Structure formats: C-alpha cells, structure tokens
Amino acid sequence: MSDNQSPLHQSNKNRFGKIEEIFSTFPMRVNVTIVGTVLVLVFSLLEWVNMGLGVRFNLFTLQILNIENRVVAGGLEEYFGGVAGFRNFKLFMAILLIIFVIAMVLLVLSVIKYQSKRFRSLSYWGFGAIIFVAIAFIFAILITIGDAGTTVLSVFPLLTLFAPILTMFFFPFDSLARLMNYVKRYWVLYILLILPMAQIIIFRYGPMINILAAFKENFFLWPVLDRPWAGLEFFVAAFNDPTFLEAFRNTLVLSFLEIIMGFPVPIILAILLNELRLRKFKRVTQTILYLPHFLSWAIVAGIATTVLGNVGLLNNFLGTRIPFLTDPTHWIFSYIIIGIWKGMGWGTIIYLAAITGINPELYEAAAVDGAKRFRLIWHITLPGIRAVIVLLLILNIGGIMGNSFERIMAMRNPLVFRVSDVIEVFTYNRGVAGLQQSLAAAVGLFQSIVSVILLFGANYFAKKTGERGLL
Amino acid sequence: MNLNKSKTGDVIIVIVFILLICICLFPMMNVFARSMSAPRYLIRSEVSLFPRGFNMDAFEIVWSDSKYTWSLAWTAILTFICTIISLVLTILCAFPFVYKGLLGRKTLNVFMIFTMYFGAGMIPTFLLMRSLGLIDNPLVLILPASLSIFNVILMRSFFYGIPDSIRESSEIDGAGPFKTLMLIYLPLSKPVLATISLFYAVNRWNGYADALLFLRTERRWDPIQLLLFRVQQNLTAIDVTQFETAAGNAPTEAIRMATIVIATVPILLVYPFLQKYFVAGVTLGSIKE
C-alpha cells in the first residue's frame with residue numbers, strides 16, 4: 001500500500017537505494033576497501049586531533065598519554081608494573097618499517113600471483129603479507145603490555161591502512177549476502193579461537209620480543225626495550241668465555257652419543273617385539289617397558305643414585321665399586337644409558353605402529369621365496385619403517401643443541417660439572433640464577449637459531465635424498 | 001602362518017625381553033625395597049630387590065611432614081586444574097580447523113606450527129614472566145604450559161577422522177558450530193580426550209622445569225617433583241663430600257626413597273589401566289604428522 005508510506009520514509013528508502021545502487025556498480029571487495037579506508041582515515045584524524053590537544057587515549061593500555069608519550073593517567077601498567085616512558089621510539093618505528101617493507105614486497109608479489117593465476121581465494125603470498133601485518137600488530141600490542149612501558153598509538157592508523165589494501169585484493173566475497181552468510185555460519189569459530197590464540201600470542205610469541213635482550217646492555221632489572229644497545233658484544237663475549245665453549249662441547253658430545261647409542265635402540269626393540277609371538281608375554285613386556293617413560297627426571301635421578309651409586313644395587317651385584325656417577329667419563333655413559341632406559345620402551349610405539357602398517361602379503365611372498373627371519377627384517381620391515389626412522393632422526397638432529405633441561409639438571413653433580421654442564425645449564429646459571437642476563441640471552445638465541453637450522457637442514461637433506469621429510 | 005622362523009630365534013628373543021624386563025623393574029624394585037627396609041640393612045646397603053626388616057617408618061615420617069603432604073596435595077590440585085584448562089583450550093583450538101571453509105585457516109595453522117619449531121628461549125621467557133608479574137606466582141605453573149601444539153594437532157587429526165557428512169547433517173538440522181562440537185564431536189572423541197588429558201596430567205605431574213625457573217624465592221608452590229629435585233640435589237652434595245659413606249645416613253635414605261615412591265605411586269596406579277590411551281595418542285600422532 002504505497003499511500004500509507006510517509007514521504008520521509010519514501011525518501012529515506014530512496015536515498016538508501018541510491019547508495020546501494022552506487023555500491024553495486026563496483027565489485028564487493030572494492031566497496032569494502034573504500035569503507036575500510038574511510039574508517040582508517042577517520043581513525044587517523046581522531047588520533048591527530050588527540051595529538052593536537054596534547055593528550056590521547058591508548059586503547060590497548062587504557063592510558064591517557066601526553067604528546068611526549070608520557071603516561072598522564074591510568075593504564076594496565078599499574079597492574080603489570082612496567083616503567084613509564086617510551087625510550088625506544090626509533091627502534092620501534094624501525095622494526096615496524098622493516099615489517100612494512102616485507103609486507104609490501106609480499107603484497108606486490110601476491111598481486112602478481114593474483115593476476116597471473118586468477119586466484120579467487122587468498123593466495124600463498126597474501127598469507128605471508130597477512131602474517132606480517134599480524135606480527136606487526138602483535139608486536140605493537142606486546143610493546144604495549146610488555147616491558148616497554150607505553151606505546152605509540154599513532155602508528156596504528158598507518159598499520160590499519162594495510163587492512164583495506166589487503167582486502168582490495170583478497171576479499172573473498174563477491175556480494176554482501178555471501179559475506180553475511182559467511183559471518184553467520186562461522187563467527188562462533190572465531191570466538192572459540194580467541195582464548196587459545198591469546199595463549200599462543202602471549203606465552204609463545206610474547207617472549208620473542210625479549211630476544212632483544214641479547215643485543216642490549218646487561219641492565220637486568222630494566223625493561224628490555226629500555227636498555228641501551230650493546231650490538232653483538234655479548235655474542236663475542238660468549239665465544240670468548242671458556243665456560244660457554246665447554247658447555248657447547250659438552251652439549252655436542254652428549255647429543256651425538258645419545259643419537260649414536262640411543263637412536264637405534266627403539267628400532268631394534270620394536271622389530272624384536274614384532275617378532276615376539278607369545279601374545280600375553282608381549283603385552284606384559286610392553287607394559288613394563290613403557291613404564292620408565294612415566295617417571296619424572298627427578299625420580300629417575302633418584303633411582304639412578306640408588307642403583308648406580310658407589311654402594312648401589314649394581315655395584316653390589318657386580319661386587320665392585322665402579323664410580324658410575326662420580327667419574328666424568330663413567331657419568332657420560334651413565335647419563336646416556338639412563339636416557340635409553342627411560343625412553344626405549346616408549347620409543348618403540350611409533351615404530352610398532354609403522355610396522356603394523358606394512359602389508360603382510362609382502363612377508364608371505366618373501367617367505368614363499370625362502371627368506372628367513374633376518375632377511376625378512378632386513379628386506380621388508382626396515383624399508384617399511386624407513387620413513388618413520390628418517391622423520392625421528394630429523395627431529396633428533398633438531399634437538400642436538402639440547403632440549404633436556406630437566407634431565408641434565410636432575411642428573412648432574414658437582415664432581416662431573418666439567419662434562420655435564422650443557423648450554424641450557426650455562427644459560428640457567430648465568431641468566432636466571434646469576435646476573436648475566438644479556439650473555440645468557442645471547443647464548444640462548446644462538447642455541448635456538450642453530451637448532452632451527454639443524455632441523456631444517458636435516459629436513460632439506462632428507463628431502464634431497466628422496467625421503468618424505470618433516471614438512 | 002609359518003614364515004620360516006626358527007624356534008631358537010624365538011627363544012633368544014624371549015630371553016632378551018626377560019632381561020630387559022629385569023633391567024626396567026629391578027631399579028624400581030630396589031627403590032621400593034629400600035623405602036620399606038630397616039635402617040640397619042640400609043647402612044650396610046644390604047637391600048636389593050625385596051625389603052629387609054620390613055617397616056613403614058619412612059612413610060610415616062613423610063606423611064607427618066607437612067612440607068611433603070602439602071606439596072603432594074598442591075601438585076594433585078595443580079594437575080587437576082591444569083588438565084581441565086588445557087583440555088578446554090585444546091578443544092577450542094582444534095575444533096575450528098575442522099571447517100575447511102574457515103577464512104585464515106592456513107594462516108592460523110602456520111601461526112601455530114611456527115612455535116613448535118622456534119621457541120624464544122629461557123631468558124626471554126623469564127623476562128616475560130617477570131613483566132607479567134608471574135614470578136613466584138602459582139599461575140606460572142598453569143598458564144604458560146596450558147596449550148601444547150602437539151596435542152592440538154593430535155586432537156585435530158582425530159576430529160578430521162570424523163566424517164564431514166555427520167557435521168553437515170547436524171548443521172542442516174539447525175545446529176551451529178558450538179552445538180555441533182558439544183553434541184557430536186566431543187561424544188565421538190572420548191578416546192582422544194582421554195589420551196590428551198592423560199598427556200597433560202602426566203606432564204604436569206612430572207614436570208618441574210617451569211617451577212625451577214619461575215618460583216625463585218617462594219617455596220609454598222613447589223610441586224612435588226621440584227621438592228624431590230631439591231632433596232636429590234642436597235643428597236648429591238652430601239654424597240660427594242662424604243664419599244665413602246654414601247648410604248651412611250640411613251633414615252634420610254629411607255625418607256628419600258619413600259618420597260620417590262609416594263610421587264611415583266599415583267602414576268603406577270593409573271598407568272596400566274590407561275596404557276592403551278597413551279599408546280593410541282602416540283600412534284595417532286605418528287600417522288597424521
């Protein structure tokens with residue numbers, strides 16, 4: 001009934017219709033881009049007005065800041081106990097700039113990709129770009145809640161400019177209806193992801209900003225970002241430190257021995273277990289062999305001193321007084337063997353699963369051809385689990401630089417410090433128990449980077465030689 | 001099916017495993033035996049696999065020491081809380097990945113997996129805990145380790161194994177993602193839920209690295225394993241200085257053994273019944289990597 005409609009309503013409807021008409025002449029993602037850009041400009045304008053007034057409100061820290069970014073009032077700081085004052089503005093800007101440049105490069109690449117391949121959805125490079133922008137955001141947020149004290153909110157408008165640019169190319173919906181449909185269908189999932197992602201951001205990415213401590217002076221009570229720069233001083237210091245070199249050597253020795261002696265044990269055990277034909281006995285054996293895995297390193301160390309001590313079970317049994325735990329050379333082997341003792345049974349599970357996956361017809365065919373037990377193992381079982389062996393070897397190589405803090409801490413004792421103190425112990429002694437935080441951070445960074453290089457190097461090598469690899 | 005396998009080979013394998021069982025069990029039996037033996041046998045270190053001069057004095061001493069009882073109770077509470085929180089976070093993190101159409105799914109995946117291969121390290125983590133005010137705070141034992149990416153992948157693999165058609169039919173019936181999770185996915189994934197809670201529980205019960213790093217001066221929140229660790233450290237110090245009389249202090253020795261036994265028993269009690277869940281978890285993880 002058109003007569004019942006008021007002129008106002010009519011005109012409103014017309015006006016709205018007009019906007020809709022204008023909007024519908026462009027593709028959906030262009031519209032989103034326009035709206036996004038306008039929002040960003042408004043946001044920026046507000047910021048600059050705030051700056052003009054001499055105070056502004058930081059959304060993330062709930063602080064009111066003056067023009068020099070000093071806190072005037074409020075803020076999460078009061079709860080987190082940071083120090084007010086942002087002394088590293090230039091650094092912050094520089095890092096953001098680098099991230100921007102990378103993001104821009106990725107964006108350009110993604111555009112090229114987009115045009116050449118006509119991807120409808122987000123392309124590989126686009127993911128990269130988004131990740132970098134996300135990192136910039138996270139970085140900014142971390143600086144806000146972390147050690148730095150205050151933040152510079154005025155870079156956020158710049159940052160947010162990237163969102164519309166991204167949507168320009170990657171907005172995957174071609175109509176409002178589809179967008180609404182998507183949101184209606186999936187919004188719950190994003191809500192579900194908030195808590196776990198917050199955990200990951202705070203506790204896994206959060207510490208990464210503090211890696212900078214390695215490049216800063218050792219003002220160990222200061223917030224990391226406020227410390228003056230030290231360059232590579234502490235890396236040089238570490239490599240001139242005999243204790244560190246010793247720790248480095250110990251790490252390599254223990255890890256290599258561990259791989260050489262420990263790595264084959266579960267493989268052999270798994271093959272033997274597979275050969276075991278007494279069902280009940282096999283099950284009991286497995287239960288008992290897995291058991292040591294569930295004892296903590298503190299308990300294992302306790303058991304070790306009891307069994308391997310000078311008057312322990314083993315020495316009594318042998319009628320000797322071998323210093324298993326007090327002589328450095330003996331200790332190294334005790335350490336490795338205790339590790340094998342704890343992990344051997346558990347390590348078989350993964351190989352047993354792989355062996356179960358081997359086609360039994362292969363064994364039957366080989367048996368018909370006259371192959372005996374050893375040849376069956378050599379020609380069928382081992383090749384059948386080769387992929388798993390390679391995978392675990394890659395992971396083991398990735399762990400060469402050490403991931404056994406609890407183990408080594410529990411098993412070391414003053415008589416064998418010379419061979420037992422690995423990089424992690426060094427880091428702990430100097431950085432947490434001691435006061436040489438920068439040195440410890442430098443050593444820790446060195447350790448992480450070498451670990452990653454080893455892992456991916458091993459993976460690359462495995463792939464080169466035709467294995468499936470890790471990633 | 002006889003695969004040309006000789007009987008002697010079988011016998012050798014059985015003997016090897018009997019030896020291995022001995023190697024696994026004897027150290028533990030020795031500890032149990034020592035914790036229940038009379039001091040006079042301990043001093044002469046004449047206790048091997050079975051208790052001699054059976055008595056439970058050491059256990060009574062440990063039970064009456066509030067340091068140990070509180071630590072045990074606190075670790076039990078902590079394990080319970082951590083397991084619940086971790087399990088919820090893991091489910092929340094794993095479930096959205098089931099939806100193939102989720103925007104940003106791959107990005108989030110890379111974002112998550114990256115942290116498996118590159119960690120910030122001890123000092124940066126320590127500094128973060130300090131700036132968050134978590135040093136000497138019991139929360140430091142709960143929050144930082146509350147999500148294991150490996151377990152998320154494990155749970156996700158299991159979720160992937162549930163046919164999409166079940167999910168789709170529930171959505172046609174009008175259930176949203178949350179309802180689908182609660183009414184369809186969780187009831188179907190009881191085994192993997194058991195596995196993952198056990199992984200979290202065992203890790204929390206056995207772990208003490210975080211406690212060692214982040215509980216600097218406050219001793220109240222020490223989990224039992226850290227307590228054991230400290231006892232062990234003190235002991236090795238004594239052991240080294242009084243070289244010849246390592247087992248000289250028999251009551252201390254028995255008490256130490258008793259604490260080890262007490263900290264082990266909960267795991268020994270549940271382990272045989274839950275073994276299949278642990279094994280299932282490792283197997284699932286190995287297949288879907």
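Figure 1. Helices, here DSSP runs of H or I with at least four residues, and strands, runs of E with at least two, are numbered from the N terminus. By this count, chain A of the predicted model has 22 helices and three strands.

**Figure 2. Confidence along chain A.** The mean pLDDT of chain A is 74, with 63% of its residues reaching 70 or more. Confidence is lowest in helix α3 (residues 77-80) of chain A, where the mean is 39, and highest in helix α10 (residues 242-262) of chain A, where it is 92. Residues 1-16 of chain A have a pLDDT below 50, and beyond near neighbours in sequence this stretch has one contact in the model. Residues 144-154 of chain A also have a pLDDT below 50, but for this stretch the model has 52 contacts beyond near neighbours in sequence.

Figure 3. Helix α18 of chain A spans residues 386-398 and includes A:Arg386. Because a residue counts as buried with 20 or more other C-beta atoms within 10 Å and as exposed with 12 or fewer, A:Arg386, which has 13 within that distance, is partly exposed. A:Ala354 lies 32 residues from A:Arg386 in sequence, and the C-alpha atoms of the two are 9.1 Å apart in space.

**Figure 4. The largest nonpolar core and the surroundings of A:Ala304.** The largest nonpolar core has 147 residues, and those with the most contacts inside it are A:Ala304, A:Ala442, A:Val443 and B:Met155. Domain 1 (2-210) and domain 2 (233-464) of chain A both contribute residues, so the core lies between them. When neighbours within four places in sequence are left aside, A:Ala304 is in contact with A:Leu325, A:Ile338 and A:Met411.

**Figure 5. The side of chain B that touches chain A.** In the model, 90 residues of chain B are in contact with 90 residues of chain A. On the side of chain B that touches chain A, helix α1 (residues 7-35) of chain B gives the most, with 17 residues. By class, that side of chain B has 60 nonpolar, 23 polar and seven charged residues. The model scores ipTM 0.89 and pTM 0.76.

**Figure 6. Overall form of chain B.** Chain B has 13 helices and zero strands. Its radius of gyration is 24 Å, well over the 19 Å given by the globule rule for 289 residues, so chain B is more spread out than a compact globule. Taken along the principal axes, the C-alpha atoms of chain B fill a box of roughly 75 × 65 × 30 Å. Buried residues account for 40% of the 289 residues of chain B, and of its contacts with a separation of 6 or more, 71% are between residues 24 or more positions apart.

**Figure 7. Confidence along chain B.** Chain B has a mean pLDDT of 82, and 91% of its residues reach 70 or more. Among the elements of chain B, the lowest mean pLDDT, 72, belongs to helix α12 (residues 224-241) of chain B, and the highest, 91, to helix α11 (residues 209-214) of chain B. Over residues 239-248 of chain B the pLDDT stays under 50, and the model has 16 contacts for these residues beyond four places in sequence.

Notes
Residues are numbered from 1 along each chain as its sequence is written. Chains are lettered from A and ligands numbered from 1 in the order in which they are written. This is a predicted model: local features need pLDDT of at least 70, side-chain atom pairs count only at pLDDT 80 or more; totals for chains, interfaces and linings use all residues. Two residues are in contact if their C-beta atoms, placed from the backbone, lie within 7 Å. Ala, Val, Leu, Ile, Met, Phe, Trp, Tyr, Cys and Pro count as nonpolar, Asp, Glu, Lys and Arg as charged, and the others, Gly among them, as polar. A nonpolar core is a set of buried Ala, Val, Leu, Ile, Met, Phe, Trp, Tyr and Cys residues joined through C-beta atoms within 7 Å. Domain bounds come from an automatic or database domain assignment. pLDDT is the predictor's confidence in each residue, from 0 to 100. The radius of gyration is taken over C-alpha atoms; the globule rule is 2.2 Å times the number of residues to the power 0.38.
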